[in-house]
Amino acid sequence: MKPKARYNVVPKLPPQLEILRRLAFNICFSWKEEIREIFQRIDSGLWAECRHNPVLMLGLVNQKRLDELSVDHGFLAQIDRTGEDFDRYLSQPRIQASDYSPEQPFRVAYFSAEFGLAECLPIYSGGLGILAGDHLKSASDLNMPLIGVGLLYQEGYFSQYLTSDGWQMETYPVNDFANMPVSIVRDNERRPLIVSVDFKGEPVNILVRRINVGRVSLYMLDTNIDANPPEFRKTTGQLYGGDREMRLRQEIVLGIGGVRALKALGIEPTVIHMNEGHSAFSALERINILRSEHGLSFDEAREIVLASTVFTTHTPVPAGNDTFDPGLVRAYFEEYTKQLGINFKVLLGYGRLDPRNDSEPFGMTTLALRLSAHTNGVSRLHGQVSRSMWRNVWSHHPVEDVPIDHITNGIHVPTWISDEMASLYNRYLGPNWAEDPDNKRVWEQAGQLPNTELWRTHERCREHLVAFTRRSLVTQLNNRGASASELMMAREVLTPDALTIGFARRFATYKRATLLFKDPDRLNKIINHPDHPVQIIIAGKAHPQDNEGKNLIKEIIHLSSKDCFRGRIVFLEDYNIDVSRQLVSGTDVWLNTPRRPLEACGTSGMKAQANGSLNFSVLDGWWDEGYHQDFGWAIGHGEIYDDHAVQDEIESRELYNLLEKEIVPLFYQRGADGIPRGWVDKMKCGLRKLVPVFNSHRMVQDYGNRYYFTCSKRFNTLCSDDFAGAKDLSAWRNKIMTSWHEISIENISLREGAEMQVGDQFEVEAFIRTGSLSPEDLTVEVYYGRLDQNGEYAGRGTAPLKVVTSDNGLYTYRGDIPCRETGRFGYTVRVMPSQERLENRFVMGLVAWA
C-alpha cells in the first residue's frame, strides 16, 4: 500500500551547528581532512557505521549529543575555522588562461555514465567513474567553470560477497537519496525540476538532482519517479544492468535528457566533454535545439556542435564499445531524426565505420568520433591503440594521422592520500602539496623528507591496513556463518612488518589476476621465506555476467585456503573507494599484470605511488610512460605476444625472478636503525618524479589548454552575428565535399636516390589542378619521414607547400624538406581541406595523395 502524502524528517541542528548541514551536503568532505575530522569528532563509531556519510550521520546522531556540542567551545572554534576555510575555498576567483577571455562565455559540461565521488555514493563501478569523480574534484580545486551530468542509479553497481566455495554473488542495495548528499533541483516556484525524453513515442519524465562537488555542480538524472510507468522507472535502476534496450534507454536519458536538463536550468555550455561514448546522443540533442530555436539547418548546427565537443575514449578493445542493432535504434530514433532534419539512414551512417554497410550495428563510439572536434585516449600507449582501432573512420589516412590524441589520466591526490601521509606532507612540503599537486617544485622537496619519518609513517599505514584487513575478513566470515576457530584465525592473518603486495582491480580476464599464482610452489617459497616473508592482499569484482572473471576469484580463494598460504594471501570482498584507500596507502608494492596493450591507463598505481608504494607492473597504460628503474619495476620490455600461453609463462617467470632477486632483498636490506635506505630512496624518487605529473590537476589543465579554451572560443565565434560563422562554414564544407573529386596532383618533382647532408634542405615542387576550388580552400603539404626495411614510413613529418604560379587552374606549389638526421627517407605530397577553416581538418576524411 502506498501513502497518500510523503514528508521528510531532517535533523534539528542548534543554530551554532548549522554549518554542519552545508558541510554535509558538499563532497569536499571526501578530500578535506579537516571536514572529516569534525564529523568523526561528533561520534567516531557512528561515522564509521554510516560509511562516512555525513548526511545520514546527522540524521542518526543523538539530539543530546548535538546539544552538548552546541556549548562545547573547542568544537565550536573548530567548526568556525573549518567553515571559514570552506567559504574561502568556494569564493576563490575563476581560473585565467592566455587563450580564455573572461568576457566571452565559457562553461564546460562533462557527461559521464558514472561518477565515483565518495564511499557513501555507490553509483560507480570502477575506473571510469573514479576518473570522472577526480576530474570534477580537480575542476573544483582549479575553479574551472565546469558542471557534471550523470545518471543517479537507484541500486548503483552491485555489492559483492563470496560463497564458502569462493563464488562471487551479487546484491543490489537500494540507495536512499534522502539520506545522501544529494538534493532535488527546484524551479523558481520551488517545484522539482522535471524534463522529459521519448521512448518509442512515449514520454519519460526525469527528475533533476544535484550533488555539490566543491565548487562544481553535478546534475544527476533520475527516472524512478511516480510519473513514469514501472518499466521506465527502472531506466536509472542499475549501472550497466539490464539488456541492450535498457542500455539504449539509459544513454538516451544521459545524452538527450542531460542536454534538456541543462536547458531547463538555464545553462548553455560552450563545450561538451563526453567521457566515453555513453553520452554521444548529447551531440544530436544540441543540434536539435539549435535547429528548433534558431532555424539552423542540420549541417549548420552540426558545425557548432562538432567544433565544441571533446570526446575521451577509454576502451582499448572493440567489444567494450556500445553498439546497437539498427532495428532497435529505428524504434527509438526514426521520429527523432525528422526533428533533426535528416534521413534515418544518415543517422545510422554517423554510427557506422562504413556508412554504406546496412548490416553494421550502430556504434556510440563511432557517433562520438564523427561529431567531436577533439578525441583523445587516456595514455600515450592507449592513444596509439585507439588510432589503430578506429582508423577505418578515416580510411584514406595513414594510421599515424588518425586524429586521436592522448591526455594521460591522473588522480585527485588529496582524495587518495592517507591521513598519516598527509600529515607528513603538511609538515615538510607545506600546504601546497594538496592545493597545487602538479607543482614540480613542491614535490622536489620530497627528496628532503627524513628517511626515518617517511618510513615510520609508511609502517603505520601498513599496520592500519593489516588491522583493516583483519576486521574485514572477520566480517566476511561472520556473514558466511564461519566457526569460532575460523574467526580466531582471521583475527591473526598477515603480519604488520612483512613485505605487503597489493592487487586490486576489476576481474576481467585480460588483467590476469592469477599470473602471480601460476607456479604455486615457487610462490610458496617466496611468501614463506623464514627471514623475508611476503604477504598479498587482493580485492576486485567481476562483472555479474563474466563467469570467467568469477572463476579467477574462485581460483584465488581456493589457493589462499591451502595451509601454506593461509594467513598470507587474503581476498577482501566488495572492493570500493574505502577499500581502495586502505590498500593504496598501506601496501609496499602495487602489482599490475594486464595483457599489453589492453590496459587503457589504470590509475590505482598512481594512488599507491602518491602514498609511497612502489609499482611493479607490465609496461602498459600509464606505467608505459611513467616507469623508470629508479622508482619501480617493469615486467617485460613492452612485448606483445600472439601466443598468450607463452606470454603468461615468460612473464610469470620474470615476475618471480624480480621478487626473488630484487624486490624482496631490497625491502629487507636494513641499516642499524631498521630503515631500508635503498627502498626509501625509491619511494622519494617516485614522489618527486611521478606525483606532479600523474595527477588530475595536470590532466584537467591539459584538457583546458589543449581543448576546452579553443573549443569555447570556436563556439562563440560560430554563434556570433546570428550564427554567420556556422552558416559560412557549413556552406564552405558542402562546397569542399561536392568538389573534392576535382582535385588532381598532376606531377611532383622527384629526387630518387639523392644524397643529402645533415643540415641541408631541398626544394619540392608540385603541380596541382584544383578545379572549382581555390588555393585558399586547401592545405598542401610535403609528407616525409624515415623509412623502415619494407620501404614504409617509420615516422613522419610535414612541411607546407605554397603557391608560386598559376596557369588556367593548374597551380605550382613549392616548399622545402629539412634534413635533420641521417638515414633513409622518403616523401610524397598530399592535399587536404584548409587547416585555417577547420578546428580539426581530419574530421572531413578528405585527402588527395600524389
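This is a predicted model: local features need pLDDT of at least 70, side-chain atom pairs count only at pLDDT 80 or more; totals for chains, interfaces and linings use all residues.
Student: What makes S22 and S26 a pair?

Tutor: Pairing needs at least two bridges. S22 and S26 have 9, so they pair.

Student: Which sheet holds these strands, and in what order?

Tutor: An open sheet of 4 strands, ordered S21-S22-S26-S25, with antiparallel pairing.

Student: Why are S21 and S25 called edge strands?

Tutor: Strand S21 (744–748) and strand S25 (802–807) each pair on one side only. Neighbouring strands of this sheet are turned by 30° against each other on average, direction ignored.

Student: Now strand S19. Why is S19 described as largely enclosed?

Tutor: 5 of the 5 residues of S19 (residues 614–618) are buried, so the rest of the structure largely encloses this strand.

Student: Which strands pair with S19, and in what sense?

Tutor: Strand S18 (residues 589–592) pairs with S19 in the parallel sense over 4 bridges. Strand S20 (residues 632–635) also pairs with S19 in the parallel sense over 4 bridges. Val589 has Leu614 in S19 as its bridge partner, and Val618 stands opposite Ile635 in S20.

Student: What makes the right-handed β-α-β unit here?

Tutor: S18, helix H25 (residues 604–610) and S19 make it. The loop between S18 and H25 holds Pro597. A cis peptide bond joins Arg596 and Pro597, with omega at about 5°.

Student: How many aromatic pairs does the structure hold?

Tutor: The structure holds 28.

Student: Why is the pair of Phe507 and Phe571 called edge-to-face?

Tutor: Their ring centres are 5.9 Å apart, and a pair needs centres within 6.5 Å. Their planes stand at 65°; edge-to-face means over 60 degrees. So the pair is edge-to-face.

Student: What does the pair of Phe507 and Phe571 tie together?

Tutor: Phe507 lies in the loop between strand S15 (499–504) and helix H22 (520–527), and Phe571 in strand S17 (residues 569–572), so the pair ties together parts that are 64 residues apart in sequence.

Student: How do you know whether Phe507 and Phe571 are buried or exposed?

Tutor: Buried means under 20% relative accessible area. Phe507 has 1% and Phe571 has 4%, so both count as buried. Trp623 and Phe631 form another edge-to-face pair, 6.5 Å centre to centre with 65° between the planes. Both Trp623 and Phe631 are buried.

Student: What makes Arg670 a charge over a ring?

Tutor: The charged end of Arg670 sits over the ring of Phe667, 4.8 Å from its centre. The distance limit is 6 Å. Phe667 is also in one aromatic cluster with Trp455, Trp633, Tyr668 and Trp679. Elsewhere, Lys541 lies over the face of Phe158, at 4.9 Å from the ring centre.

Student: Where is Phe723, and what is its phi?

Tutor: Phe723 is in helix H29 (residues 696–739). Its phi is positive, about 65°, although Phe723 is not a glycine. At 8% relative accessibility, Phe723 counts as buried.

Notes:
Residues are numbered from 1 along each chain as its sequence is written. Side-chain values use heavy atoms; hydrogens and water are left out. Helices (H or I, at least four residues) and strands (E, at least two) are DSSP runs, numbered from the N terminus. Axes are lines fitted to C-alpha atoms, for helices over the stretch in contact, and angles run from 0 to 180 degrees between N-to-C directions. Buried means under 20% relative accessible area, exposed over 50%, partly exposed in between (1.4 Å probe, protein chains only). A crossover is right-handed if, with the strands pointing away from the viewer, the path from the first strand over the helix to the second runs clockwise. Rings of Phe, Tyr and Trp (its six-membered ring) pair if their centres lie within 6.5 Å; planes under 30 degrees apart count as stacked, over 60 as edge-to-face and the rest as tilted. A charge sits over a ring if NZ of Lys or CZ of Arg is within 6 Å of the ring centre and within 35 degrees of the ring normal.
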